[in-house]
Amino acid sequence: LVLWARAHQAAVIVDQPGGTAALVLKLCWDATIQIAYVPGLAMARARDFYAGESKTDPKDAFVLADIARAHPKRLVWLRETSADRAQLELLNGYDTDLREDANRLTNRIRALLATYWPALERSLGDRLDTIGGTALLTRYPSAPQLRQAGAKRLATLLRATHRVHQPEVWVEQLLVAAKSQTVVVPGAETAAGLVAELAEQLHRVIVRRQLMEKEIERAFFACPRRASLRACRGSVPASGRAS
(Lines give C-alpha, C1' and ligand atoms only; values in the text may rest on other atoms or scores of the structure.)
Protein backbone atom coordinates (compact mmCIF):
# COMPACT_ATOMS: atom_id res chain seq x y z
CA LEU A 1 0.00 0.00 0.00
CA VAL A 2 1.10 3.61 -0.52
CA LEU A 3 -0.05 7.03 0.57
CA TRP A 4 -1.04 9.44 -2.17
CA ALA A 5 -2.30 13.02 -2.20
CA ARG A 6 -5.61 13.49 -3.97
CA ALA A 7 -6.92 17.06 -4.17
CA HIS A 8 -4.79 18.05 -1.16
CA GLN A 9 -6.15 15.11 0.79
CA ALA A 10 -4.20 11.98 1.75
CA ALA A 11 -5.37 8.70 0.30
CA VAL A 12 -4.22 5.09 0.51
CA ILE A 13 -3.70 2.94 -2.58
CA VAL A 14 -3.73 -0.86 -2.24
CA ASP A 15 -3.35 -3.77 -4.63
CA GLN A 16 -5.91 -5.97 -2.90
CA PRO A 17 -9.39 -5.01 -1.66
CA GLY A 18 -9.44 -7.37 1.32
CA GLY A 19 -7.62 -10.31 2.84
CA THR A 20 -4.42 -9.22 4.57
CA ALA A 21 -5.35 -5.60 3.81
CA ALA A 22 -8.60 -5.82 5.83
CA LEU A 23 -7.13 -4.17 8.93
CA VAL A 24 -5.69 -1.28 6.90
CA LEU A 25 -9.01 -0.78 5.12
CA LYS A 26 -10.91 -0.65 8.41
CA LEU A 27 -8.45 1.83 9.91
CA CYS A 28 -8.73 4.08 6.87
CA TRP A 29 -12.52 4.04 6.89
CA ASP A 30 -12.62 4.78 10.61
CA ALA A 31 -10.26 7.72 10.04
CA THR A 32 -12.27 8.90 6.98
CA ILE A 33 -9.23 8.43 4.76
CA GLN A 34 -10.05 7.63 1.15
CA ILE A 35 -8.75 4.31 -0.09
CA ALA A 36 -8.42 3.06 -3.67
CA TYR A 37 -7.64 -0.29 -5.24
CA VAL A 38 -5.63 -1.15 -8.34
CA PRO A 39 -7.06 -4.39 -9.83
CA GLY A 40 -4.67 -7.31 -10.03
CA LEU A 41 -4.57 -7.53 -13.83
CA ALA A 42 -3.87 -3.81 -14.19
CA MET A 43 -1.17 -4.07 -11.53
CA ALA A 44 0.48 -7.06 -13.23
CA ARG A 45 0.53 -5.33 -16.62
CA ALA A 46 1.81 -2.06 -15.20
CA ARG A 47 4.65 -3.77 -13.31
CA ASP A 48 6.21 -4.87 -16.61
CA PHE A 49 6.83 -1.24 -17.62
CA TYR A 50 9.05 -0.50 -14.63
CA ALA A 51 12.69 -1.39 -14.10
CA GLY A 52 13.55 -4.59 -12.28
CA GLU A 53 12.43 -8.08 -13.16
CA SER A 54 11.81 -9.36 -9.63
CA LYS A 55 8.62 -8.62 -7.72
CA THR A 56 9.45 -6.73 -4.53
CA ASP A 57 7.41 -4.71 -2.06
CA PRO A 58 9.30 -1.44 -2.75
CA LYS A 59 8.76 -1.85 -6.50
CA ASP A 60 5.05 -2.61 -6.05
CA ALA A 61 4.67 0.44 -3.82
CA PHE A 62 6.31 2.64 -6.45
CA VAL A 63 4.09 1.18 -9.20
CA LEU A 64 0.95 1.80 -7.12
CA ALA A 65 1.93 5.40 -6.45
CA ASP A 66 2.82 6.05 -10.07
CA ILE A 67 -0.44 4.54 -11.35
CA ALA A 68 -2.37 6.74 -8.93
CA ARG A 69 -0.41 9.79 -10.13
CA ALA A 70 -0.45 9.17 -13.87
CA HIS A 71 -3.62 7.10 -14.37
CA PRO A 72 -6.15 7.99 -11.66
CA LYS A 73 -9.01 6.63 -13.77
CA ARG A 74 -7.63 3.13 -13.28
CA LEU A 75 -8.22 3.37 -9.53
CA VAL A 76 -11.28 1.78 -7.93
CA TRP A 77 -12.31 3.82 -4.92
CA LEU A 78 -13.49 1.51 -2.16
CA ARG A 79 -16.43 1.94 0.17
CA GLU A 80 -16.62 0.39 3.60
CA THR A 81 -17.70 -3.25 3.55
CA SER A 82 -20.66 -4.04 5.78
CA ALA A 83 -20.29 -6.69 8.47
CA ASP A 84 -22.85 -9.01 6.87
CA ARG A 85 -21.17 -8.90 3.48
CA ALA A 86 -17.75 -9.41 5.06
CA GLN A 87 -19.12 -12.49 6.80
CA LEU A 88 -20.43 -13.92 3.53
CA GLU A 89 -17.16 -13.23 1.74
CA LEU A 90 -15.20 -14.91 4.52
CA LEU A 91 -17.41 -18.00 4.58
CA ASN A 92 -17.37 -18.31 0.80
CA GLY A 93 -13.61 -17.92 0.73
CA TYR A 94 -13.24 -20.75 3.22
CA ASP A 95 -15.65 -22.90 1.23
CA THR A 96 -13.52 -22.30 -1.86
CA ASP A 97 -10.49 -23.57 0.05
CA LEU A 98 -12.44 -26.65 1.14
CA ARG A 99 -13.51 -27.33 -2.44
CA GLU A 100 -9.90 -27.17 -3.59
CA ASP A 101 -8.91 -29.54 -0.77
CA ALA A 102 -11.65 -31.94 -1.84
CA ASN A 103 -10.47 -31.89 -5.47
CA ARG A 104 -6.87 -32.52 -4.43
CA LEU A 105 -7.77 -35.44 -2.16
CA THR A 106 -10.13 -36.94 -4.75
CA ASN A 107 -7.47 -36.82 -7.46
CA ARG A 108 -4.93 -38.46 -5.17
CA ILE A 109 -7.32 -41.28 -4.26
CA ARG A 110 -8.22 -41.84 -7.91
CA ALA A 111 -4.55 -42.01 -8.85
CA LEU A 112 -3.87 -44.69 -6.23
CA LEU A 113 -6.95 -46.72 -7.11
CA ALA A 114 -6.25 -46.48 -10.84
CA THR A 115 -2.73 -47.76 -10.23
CA TYR A 116 -3.56 -50.72 -7.98
CA TRP A 117 -7.25 -51.51 -8.60
CA PRO A 118 -8.29 -49.80 -11.85
CA ALA A 119 -11.59 -51.67 -12.21
CA LEU A 120 -12.60 -50.57 -8.73
CA GLU A 121 -11.72 -46.95 -9.51
CA ARG A 122 -13.94 -47.05 -12.60
CA SER A 123 -16.76 -48.66 -10.65
CA LEU A 124 -16.69 -45.98 -7.98
CA GLY A 125 -17.17 -43.36 -10.68
CA ASP A 126 -18.63 -40.06 -9.52
CA ARG A 127 -19.58 -41.56 -6.15
CA LEU A 128 -15.98 -41.65 -4.97
CA ASP A 129 -16.10 -38.12 -3.53
CA THR A 130 -19.37 -38.57 -1.65
CA ILE A 131 -20.25 -39.30 1.96
CA GLY A 132 -20.99 -42.92 1.15
CA GLY A 133 -17.98 -43.41 -1.10
CA THR A 134 -15.50 -41.99 1.37
CA ALA A 135 -17.03 -43.92 4.27
CA LEU A 136 -16.69 -47.14 2.29
CA LEU A 137 -13.08 -46.49 1.31
CA THR A 138 -12.13 -45.49 4.85
CA ARG A 139 -13.23 -48.92 6.10
CA TYR A 140 -12.44 -51.02 3.01
CA PRO A 141 -9.84 -49.19 0.89
CA SER A 142 -8.88 -52.02 -1.50
CA ALA A 143 -10.46 -54.62 -3.75
CA PRO A 144 -9.45 -57.57 -1.48
CA GLN A 145 -10.92 -55.86 1.58
CA LEU A 146 -14.19 -55.17 -0.22
CA ARG A 147 -14.39 -58.82 -1.31
CA GLN A 148 -13.72 -59.99 2.22
CA ALA A 149 -16.37 -57.69 3.70
CA GLY A 150 -19.10 -59.06 1.45
CA ALA A 151 -22.24 -57.56 0.00
CA LYS A 152 -24.39 -57.69 3.15
CA ARG A 153 -21.89 -55.89 5.36
CA LEU A 154 -21.18 -53.21 2.75
CA ALA A 155 -24.86 -52.55 2.09
CA THR A 156 -25.61 -52.36 5.81
CA LEU A 157 -22.83 -49.81 6.32
CA LEU A 158 -24.09 -47.60 3.51
CA ARG A 159 -27.78 -47.87 4.38
CA ALA A 160 -27.65 -47.56 8.16
CA THR A 161 -24.93 -44.95 8.55
CA HIS A 162 -25.03 -42.86 5.40
CA ARG A 163 -28.49 -43.45 3.89
CA VAL A 164 -27.24 -44.24 0.40
CA HIS A 165 -30.07 -44.80 -2.05
CA GLN A 166 -30.30 -48.45 -3.24
CA PRO A 167 -26.93 -49.52 -1.79
CA GLU A 168 -27.34 -53.12 -2.95
CA VAL A 169 -27.08 -52.15 -6.61
CA TRP A 170 -23.96 -50.12 -6.05
CA VAL A 171 -22.36 -52.73 -3.81
CA GLU A 172 -22.93 -55.40 -6.45
CA GLN A 173 -21.15 -53.24 -9.03
CA LEU A 174 -18.23 -52.65 -6.68
CA LEU A 175 -17.85 -56.35 -5.86
CA VAL A 176 -17.94 -57.35 -9.53
CA ALA A 177 -15.12 -54.87 -10.15
CA ALA A 178 -13.22 -56.00 -7.06
CA LYS A 179 -13.43 -59.68 -8.05
CA SER A 180 -12.35 -59.03 -11.63
CA GLN A 181 -8.72 -58.40 -10.63
CA THR A 182 -6.61 -61.34 -9.51
CA VAL A 183 -3.17 -59.77 -9.95
CA VAL A 184 -1.61 -58.11 -6.89
CA VAL A 185 0.50 -55.08 -7.77
CA PRO A 186 3.59 -54.61 -5.56
CA GLY A 187 2.93 -51.98 -2.91
CA ALA A 188 -0.81 -52.65 -2.83
CA GLU A 189 -0.95 -53.00 0.97
CA THR A 190 0.73 -49.63 1.51
CA ALA A 191 -1.52 -48.07 -1.13
CA ALA A 192 -4.60 -49.36 0.70
CA GLY A 193 -3.45 -47.64 3.88
CA LEU A 194 -2.96 -44.38 2.02
CA VAL A 195 -6.38 -44.65 0.36
CA ALA A 196 -8.01 -45.14 3.76
CA GLU A 197 -6.22 -42.13 5.21
CA LEU A 198 -7.03 -39.89 2.26
CA ALA A 199 -10.65 -41.06 2.20
CA GLU A 200 -11.03 -40.17 5.88
CA GLN A 201 -9.67 -36.68 5.20
CA LEU A 202 -11.96 -36.26 2.20
CA HIS A 203 -14.93 -37.44 4.24
CA ARG A 204 -14.30 -34.73 6.84
CA VAL A 205 -13.97 -32.07 4.13
CA ILE A 206 -17.26 -33.08 2.50
CA VAL A 207 -19.08 -33.05 5.84
CA ARG A 208 -17.59 -29.64 6.63
CA ARG A 209 -18.74 -28.26 3.28
CA GLN A 210 -22.29 -29.41 3.99
CA LEU A 211 -22.22 -27.59 7.32
CA MET A 212 -20.64 -24.59 5.61
CA GLU A 213 -23.52 -24.39 3.15
CA LYS A 214 -25.97 -24.12 6.04
CA GLU A 215 -23.84 -21.42 7.68
CA ILE A 216 -23.78 -19.42 4.45
CA GLU A 217 -27.53 -19.79 3.98
CA ARG A 218 -28.20 -18.57 7.52
CA ALA A 219 -25.84 -15.62 7.03
CA PHE A 220 -27.40 -14.79 3.67
CA PHE A 221 -31.03 -14.82 4.79
CA ALA A 222 -30.16 -12.89 7.96
CA CYS A 223 -28.62 -10.14 5.84
CA PRO A 224 -30.91 -7.10 5.44
CA ARG A 225 -29.39 -6.42 2.00
CA ARG A 226 -29.78 -9.96 0.68
CA ALA A 227 -31.62 -8.75 -2.44
CA SER A 228 -28.50 -6.96 -3.67
CA LEU A 229 -26.15 -9.61 -2.35
CA ARG A 230 -28.00 -12.31 -4.27
CA ALA A 231 -26.30 -11.03 -7.39
CA CYS A 232 -22.84 -11.29 -5.83
CA ARG A 233 -20.69 -13.97 -7.38
CA GLY A 234 -20.52 -17.07 -5.22
CA SER A 235 -23.14 -16.00 -2.68
CA VAL A 236 -24.23 -19.60 -2.08
CA PRO A 237 -21.70 -22.31 -2.99
CA ALA A 238 -22.34 -25.71 -4.43
CA SER A 239 -22.03 -28.04 -1.48
CA GLY A 240 -20.45 -31.47 -1.33
CA ARG A 241 -22.76 -34.29 -2.34
CA ALA A 242 -24.41 -36.29 0.40
CA SER A 243 -24.40 -39.80 -0.99
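**Group meeting: a walk through the predicted model**

Buried here means under 20% relative accessible area, with exposed being over 50% and partly exposed in between, using a 1.4 Å probe and protein chains only. Serine 123 sits in helix H5. Not counting residues up to four places away in sequence, serine 123 touches Trp170, Gln173, Leu174 and Ala177, where a contact is heavy atoms within 4.5 Å.

Before I go on, some housekeeping. This is a predicted model, where local features need pLDDT of at least 70 and side-chain atom pairs count only at pLDDT 80 or more, while totals for chains, interfaces and linings use all residues. Residues are numbered from 1 along each chain as its sequence is written, and side-chain values use heavy atoms, with hydrogens and water left out.

Now the overall layout. The protein chain has ten helices and four strands; these are DSSP runs numbered from the N terminus, H or I of at least four residues for helices and E of at least two for strands. Reading from the N terminus, the order is β-β-α-β-α-α-β-α-α-α-α-α-α-α. Of the 243 residues, 40% count as buried. And if you take contacts between residues at least 6 apart in sequence, 64% of them join residues at least 24 apart.

On to the cores. A nonpolar core is a set of buried Ala, Val, Leu, Ile, Met, Phe, Trp, Tyr and Cys residues joined through side-chain atoms within 4.5 Å. In soluble globular proteins, nonpolar side chains tend to be buried together. The largest core here has 43 residues, and Ile109, Leu113 and Trp117 have the most contacts inside it. Helices H4 (83–116), H5 (118–124), H6 (131–139), H7 (143–162), H8 (167–179) and H9 (188–221) each give two or more residues to this core. Which helix gives the most to this core? That's H9, with 13 residues. There's also a second, separate core of eleven residues, which includes Ile13, Ala36, Tyr50 and Ile67.

Let's stay with tryptophan 117 for a minute. Leaving out residues up to four places away in sequence, its contacts include Leu112, Pro141, Gln181 and Ala188. Tyrosine 116 and tryptophan 117 are both buried, and they form a tilted aromatic pair, 5.8 Å centre to centre with 45° between the planes. For the rule: rings of Phe, Tyr and Trp (its six-membered ring) pair if their centres lie within 6.5 Å, and planes under 30 degrees apart are stacked, over 60 edge-to-face and the rest tilted.

Threonine 182, in the loop between H8 and H9, is exposed, with a relative accessible area of 70%. Threonine 182 is 65 residues from tryptophan 117 in sequence, but 9.9 Å from it in space, C-alpha to C-alpha.

Last stop: H2 and H3. Helix H2 (residues 40–47) packs against helix H3 (residues 57–70) at about 105°, with the axes 10 Å apart. Axes are lines fitted to C-alpha atoms, for helices over the stretch in contact, and angles run from 0 to 180 degrees between N-to-C directions. So H2 and H3 are roughly perpendicular, the label for 65 to 115 degrees; under 35 is roughly parallel, over 145 roughly antiparallel, and the rest oblique. Met43, Ala46 and Arg47 of H2 meet Lys59, Asp60, Val63, Leu64 and Ile67 of H3.
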